[in-house]
Amino acid sequence: DKGQHRHFMAKEIHEQPTVLARALGAWTSSDRNRITSDAEHIDWSAVSRLSIVACGTAYLAGHVAKIWLEQIARLPVELEIASEFRYREPPLPRDGVTMVISQSGETADTLAALRYAKAQGQQTLGLVNVTTSTIAREADVVLPIHAGPEIGVASTKAFTAQLMCIALLAFMIARKRGVIGPDAETTAIDVLSTIPRILSEVLAQENDFAALAAQISDATSVLFLGRGMMYPLALEGALKLKEITYIHAEGYAAGEIKHGPIALVDEHTPIIALAPSGPLLEKSLSNLREVIARNGRVAIIGDAAACQVFGNEAWHCLAIPHVDPLVAPFAYAVAIQFLAYHTALCRGTDVDQPRNLAKSVTVE
Ligand code: F6R
């Protein structure tokens with residue numbers, strides 16, 4: 001049931017505050033002081049490396065996971081696309097753990113990667129939405145994301161629910177590895193508790209995204225740029241746009257564009273820069289100036305501070321609330337979802353069932 005929405009994708013975008021509050025509730029103690037998860041039973045201080053394997057949007061959640069687990073829990077993470085991992089047959093350390101991420105829990109390559117890791121003697125975690133799925137049955141530890149059924153082929157609420165559970169997992173593992181104390185864990189839960197409210201604020205800006213979408217809907221190619229945490233979000237922005245609008249799109253680490261992609265820059269190619277204020281903003285801005293100097297049409301999605309710095313140089317500036325770095329991936333996820341959704345509306349494409357795509361990819 002789509003409720004008052006035109007598409008399942010719209011419904012699922014708007015559901016995110018509820019979904020994330022539910023996931024946070026399910027992963028924390030009733031006094032909200034402690035993260036609780038079945039992954040606690042692993043001796044994380046003895047784990048030398050976590051391998052994360054997934055496909056598509058779930059892989060991009062894994063990219064965020066790598067950054068958080070390395071920064072917050074100081075745990076080395078190897079990240080790989082399932083279809084490459086399974087045939088590469090990498091050696092896995094005896095004291096390693098493998099986590100597969102899958103909304104459906106049925107993706108053939110991800111399942112094969114899980115089976116490979118198990119056969120190599122790894123402990124395995126399955127971060128899934130569908131808890132009756134094959135991956136949920138076969139993983140040693142099942143970590144449910146509590147997103148509820150996701151009908152739209154383009155993943156939205158499952159992505160942010162994966163991020164919520166991954167953030168909590170990172171702080172739980174940090175505690176188990178003695179990297180943080182109990183206060184830091186409680187503070188993290190407090191920060192993550194603000195996400196439903198902040199996402200409601202971004203959701204209320206839907207018309208701003210529709211206006212930007214109208215301006216990119218005639219493009220034949222769009223570039224998404226981001227640094228640090230915004231790099232995987234740029235990749236996800238490009239993936240969402242390709243999937244439901246059929247516009248060619250690429251995501252790049254902003255610092256990488258001078259190594260090739262800057263050759264694509266002209267006045268016809270919109271460049272969406274995800275640029276929240278923070279330690280990397282100055283770096284991002286200098287990358288963007290290089291693009292603007294070559295007549296690039298740069299649209300900044302940032303906070304008020306970022307838009308103030310760039311306001312009159314950029315082609316378009318869309319300010320969303322200033323947020324804690326831990327919250328930024330969630331807020332910018334909604335931004336790129338809206339951008340793809342409204343661009344699809346402008347182009348009249350089938351949002352919920354894009355051509356050539358299936359919700360669950362059970363073939364290799
Ligand atoms: C993108 C999308 C796909 C899936 C991918 C993995 O919007 O939906 O890229 O993320 O096929 O699917 P799951 O998570 O079910 O393994």
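## Model and confidence

pLDDT is the predictor's confidence in each residue, on a scale from 0 to 100. The protein has a mean pLDDT of 95, and 100% of its residues reach 70 or more. For the complex, the predictor gives an ipTM of 0.99 and a pTM of 0.97.

This is a predicted model, in which local features need pLDDT of at least 70 and side-chain atom pairs count only at pLDDT 80 or more, while totals for chains, interfaces and linings use all residues. Residues are numbered from 1 along each chain as its sequence is written, and side-chain values use heavy atoms, with hydrogens and water left out.

## Residues around the ligand

There are 13 residues around the ligand, and S102, Q103, S104, T107 and E243 come nearest. A residue is near a molecule if one of its heavy atoms lies within 4 Å of it. By class, this shell has 7 polar, 4 nonpolar and 2 charged residues; Asp, Glu, Lys and Arg count as charged, Ala, Val, Leu, Ile, Met, Phe, Trp, Tyr, Cys and Pro as nonpolar, and the others, Gly among them, as polar.

Helices α3 (56–73) and α11 (230–245) each supply at least two residues of the shell. The largest share, 3 residues, comes from α3. Helices here are DSSP runs (H or I, at least four residues), numbered from the N terminus.

## Contacts and cover

Oxygen atoms of the ligand lie 2.6 Å from a polar side-chain atom of S102, 2.9 Å from a backbone N or O atom of S155 and 3.1 Å from a backbone N or O atom of T57. The protein covers 90% of the 410 Å² of accessible area that the ligand has on its own (Shrake-Rupley method, 1.4 Å probe).

How values were computed: A polar contact is a pair of N or O atoms within 3.5 Å; within protein, one must be able to donate a hydrogen and the other to accept it, and residues adjacent in sequence count only if both atoms are side-chain atoms.
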